[in-house]
Amino acid sequence: MRFLRLEDVAEELNVKLPQVRALVKSGELPAIQIGGRGMWRVERVELENYIQRRYAEAREEIAREPK
């Protein structure tokens, strides 16, 4: 499946739906509105890109910690 509903994204990330909405609203997680009701969808590749960015940020943060 190419596009995920925000509920699906929340389930994959194991977070609450409002957290996913906040990520979309901030632009941190790219999404598009589809259909007459403007339902948000996240492309699977964008979710994977977001996850990889978060891993990179975590590695950088760990590297900055004093040893």
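These legends describe close-up views of a predicted model. Local features need pLDDT of at least 70 and side-chain atom pairs count only at pLDDT 80 or more, while totals for chains, interfaces and linings use all residues. Residues are numbered from 1 along each chain as its sequence is written, and side-chain values use heavy atoms, with hydrogens and water left out.

**View 1. The open sheet has three strands in the order β1-β3-β2, with antiparallel pairing.** Strands are DSSP runs of E with at least two residues, and helices are runs of H or I with at least four, numbered from the N terminus. Two strands pair if DSSP finds at least two bridges between them. β1 (3–5) and β2 (32–34) are the edge strands, each pairing on one side only. β1 is joined to β3 (residues 39–43) by three bridges, and R5 has R41 of β3 as its bridge partner.

**View 2. Helix α1 (residues 6–13) packs against helix α3 (residues 44–64) at an angle of about 35°.** Their axes, lines fitted to C-alpha atoms over the stretch in contact, lie 12 Å apart; angles run from 0 to 180 degrees between N-to-C directions. V9, E12 and L13 of α1 meet R44, L47, Y50 and I51 of α3, where contact means heavy atoms within 4.5 Å.

**View 3. The largest nonpolar core has 11 residues, among them L4, V9, V20 and L29.** Such a core is a set of buried Ala, Val, Leu, Ile, Met, Phe, Trp, Tyr and Cys residues joined through side-chain atoms within 4.5 Å; buried means under 20% relative accessible area with a 1.4 Å probe, protein chains only. α1, α2 (17–26) and α3 each supply at least two of the core residues.

How values were computed
Buried means under 20% relative accessible area, exposed over 50%, partly exposed in between (1.4 Å probe, protein chains only).
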